[in-house]
Amino acid sequence: MRLLIVEDDAPLASGLRRILEAEGHAVDVTSRGEQAVLAAAQERFDLVILDIGLPQMDGFEVLRRLRTTAVDKGGPMPVLVLTARDAVDDRVHGLDLGADDYMVKPFAMPELTARVRALLRRSQAHGGPRIVHGPLALDTVARRAFLKNEPLELAAREWAVLEVLLGKVEKIVSKEAIIQAVAGWGDDLSPNAIEVYVSRLRSKLEPAGIKIRTVRGFGYMLEEFKGA
Amino acid sequence: MAARSLRAHLLRMLLPPIAALLVLGGLVAYYPTIEPATAAYDQGLIDVGISLGTYIRPADAGYRLELPAAVDQVLRRDSYDTVYYRVLGPKGEGIAGDEGLPEPSGAVVDAVVAYDASYKGQKVRAVALPAQCGAAACRVLVAETTVKRKRLARDILFSTLLPEMLIAFATVLIVWFGVKRGLGPLARLSEEIKARSPGDLRPIDPAGTPEETRPLVSALNGLLEEVSQSSRSQQRFLANAAHQLRTPLAGLRAHTELALAQPLPTEVRAELEQVHQATIRTARLANQLLALARAEPGARGNAAELNLKTLAESDADAWVHQALARDIDLGFELDWAPVQGDAFLLREALANLVHNAIEYSHRGGRVTVRTGERGAHAFAEVEDDGPGIPEAERERVLERFYRIPGTAGTGSGLGLAIVREIAAGHGATISITDATGAKGCRVAITFPHG
């Protein structure tokens, strides 16, 4: 994947570059917002990691220009915003300007790489019909699932719940959110029913090392795949 | 220096001139009144003398007074005073009347003289006047006691002094109550200032304060403005410093984590782990300082209608990851809990409670975050099944930089102090109680009604 890092702090920029290169991405780095806007106008990046506190043209302005003037080739470029400001800053928190995710400095590298993976997966999902999570692959067009390349039988509601969880890896998805996402299936769903689907999914996926964690009183979280 | 009473001071300044005015006013009113009155009484005596003079008749060896008893009675008649008279012959010899009635001093015999004298042990007012004795001049002395004159003097004094005394008394009363009334606006001003919360540095509204206190109000407002400016600049500095720290810390963390991802000799790895932990703690401290700066009185101003449930939900991700790192079962019991407050501060308060619970619980422990309403009070609380906080330490753990002696973990001792300040800033209270289970503790923030 092609990534652009816009960060004026050299040590942080080099650290991010090395971490993301180690993940197998091609990474470009710039310290200037103007250059980022130019670069994004000329070629497509699969993800832009954008610091807000840039000299001269700040990250908000860069983001605004990316969203209004950048040539979108094959869907919008996902943007992960980095900020030394507080999450309380509504512009960041609300992601009004069209950022796809944000992280407050300093952050843990595993969290960053997890978010990057999630964003890349999401942008791929926009483009392609395949969702991949470790040994699990979902063909959303043919509505067929594969685990370790073997076909996996999923009931319709199990499929729906899994799709919701796959859209937010490493993030808690509340039971209400799952119910809402699955509500299109007609009749009322109780939180207990969701528990049943999740436990069925677990019994099918856990042997392959895919973990769905219960967050007591809240919901579920599909963990990053760390190997079987 | 003892506080000086403005009232006493005013009275001290006013009373001597008032007393002087009283005396002067008395004198000024008394003399112009008493003079003509005295003259009128003197004239009465003179008239008696003139009448007496007409009864002087020539006799064998000089003159005598042929005064009928009825006339004598009429002349001596007076409602208050005893009237005395004496008629002297041309050579000064007594012809008739009261023996020993003193003559005026001075040699002039042929003029009318009024004078004060003493007769029969009493003060008398007397007149001496010449009377015709044929070709020669006789002298008539008429005197009366001073009862009605004294009475007149007393009446005059009373009638002039009484109103003046009343005026003086009224002045004292006016000063006494006038000062109280006049200082009323100051008292209201000080009430208004007293009623303020410590963080309220808004200027005082000069409307409704009297002209005379405007300089005081504007001086106070100037001071308030300076204090709030300096408080703001201090907060800006702290906030900037904390923000500025974050980027290099992010770099430091990135590189230590990169290094830790590589194969390393055991000792180097252990050292690097220490650096990594220190980096994380420093970042947390920067956040806490930022929160403290924000929680300072005067910094607030972001109050909004919030729901503690939503706040907890929005940060649940980060907390769950912290909890997973320590193998702790973090659970939620979130109910609707509407409050008025600053989102950043309340999230920081919750984060500190959750962080503490996770930090001080044993691995595999259980931490529960609750929000909701008890009665009409919204609350947020975090309960753990860790070692708990001994009763005796519950006050002290709320102090800045205090850590229970012998506690493991790497906290700064700021967490609960921050929670307390944030709670106080929202009019909320923080309470530490035993957990519902066998061990652990529960820290709750309870918000004011509505």
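Modeller: Let us begin with contact: two residues are in contact if their C-beta atoms, placed from the backbone, lie within 7 Å. The model before us is predicted. In it, B:V354 is in contact with B:W319, B:V367, B:V369 and B:V382, leaving aside its neighbours within four places in sequence.

Biologist: Which residues touch the most other members of the largest nonpolar core?

Modeller: In soluble globular proteins, nonpolar side chains tend to be buried together. Here the largest nonpolar core has 115 residues, and those touching the most other members are A:V48, A:I49, B:A349 and B:V354. Helix 8 of chain B, residues 343-360, gives this core its largest share, eleven residues. There is also a second, separate core of 24 residues, which includes B:L52, B:L65, B:L88 and B:V124.

Biologist: How many residues of each chain are in contact with the other chain?

Modeller: The contact is made by 25 residues of chain B and 23 residues of chain A. On the chain B side, at least two residues each are supplied by helix 5 (214-260), helix 7 (308-325), strand 9 (329-334) and helix 8. The largest share of that side, twelve residues, comes from helix 5 of chain B. By type, the side of chain B that touches chain A divides into 13 nonpolar, six polar and six charged residues.

Biologist: At what angle do helix 6 and helix 8 of chain B cross?

Modeller: The axes of helix 6 (residues 266-295) and helix 8 of chain B come within 10 Å and cross at roughly 135°. Angles over 145 degrees count as roughly antiparallel and those from 65 to 115 as roughly perpendicular, so helix 6 of chain B is oblique to helix 8 of chain B. The crossing of these two helices is left-handed. B:A291, B:R294 and B:A295 in helix 6 of chain B meet B:F344, B:L345 and B:E348 in helix 8 of chain B. The residues of this contact comprise four nonpolar, no polar and two charged.

Biologist: In the backbone of chain A, which residues other than glycine have a positive phi?

Modeller: Two cases may be taken in turn. A:N149 has a positive phi of about 65°, and its place is the loop between strand 8 (144-147) and strand 9 (150-152) of chain A. Phi of A:E170 is near 70°; A:E170 lies in the loop between helix 6 (156-166) and strand 10 (172-174) of chain A.

Biologist: Why does A:N149 count as exposed?

Modeller: The reasoning rests on a count of neighbours, with 12 or fewer meaning exposed and 20 or more meaning buried. A:N149 counts as exposed because it has 7 C-beta neighbours inside 10 Å. A:E170 is partly exposed, with 18 other C-beta atoms within 10 Å.

Biologist: Which two residues does a cis peptide bond join?

Modeller: The bond joins A:K105 and A:P106, with omega about -10°. A:P106 is in the loop between strand 5 (101-104) and helix 5 (109-127) of chain A.

Biologist: How far apart are B:Y115 and B:D42 in sequence and in space?

Modeller: B:Y115 and B:D42 are 73 residues apart in sequence and 9.3 Å apart in space, C-alpha to C-alpha. B:Y115 belongs to strand 5 (residues 113-119) of chain B. Leaving aside neighbours within four places in sequence, B:Y115 is in contact with B:P104 and B:A126. B:Y115 is partly exposed, because 17 other C-beta atoms lie within 10 Å.

Conventions
Residues are numbered from 1 along each chain as its sequence is written. Chains are lettered from A and ligands numbered from 1 in the order in which they are written. This is a predicted model: local features need pLDDT of at least 70, side-chain atom pairs count only at pLDDT 80 or more; totals for chains, interfaces and linings use all residues. Helices (H or I, at least four residues) and strands (E, at least two) are DSSP runs, numbered from the N terminus. A nonpolar core is a set of buried Ala, Val, Leu, Ile, Met, Phe, Trp, Tyr and Cys residues joined through C-beta atoms within 7 Å. Ala, Val, Leu, Ile, Met, Phe, Trp, Tyr, Cys and Pro count as nonpolar, Asp, Glu, Lys and Arg as charged, and the others, Gly among them, as polar. Axes are lines fitted to C-alpha atoms, for helices over the stretch in contact, and angles run from 0 to 180 degrees between N-to-C directions. Angles under 35 degrees count as roughly parallel, over 145 as roughly antiparallel, 65 to 115 as roughly perpendicular and the rest as oblique. A crossing is left-handed if the near helix is turned anticlockwise from the far one by less than a right angle, and right-handed if clockwise.
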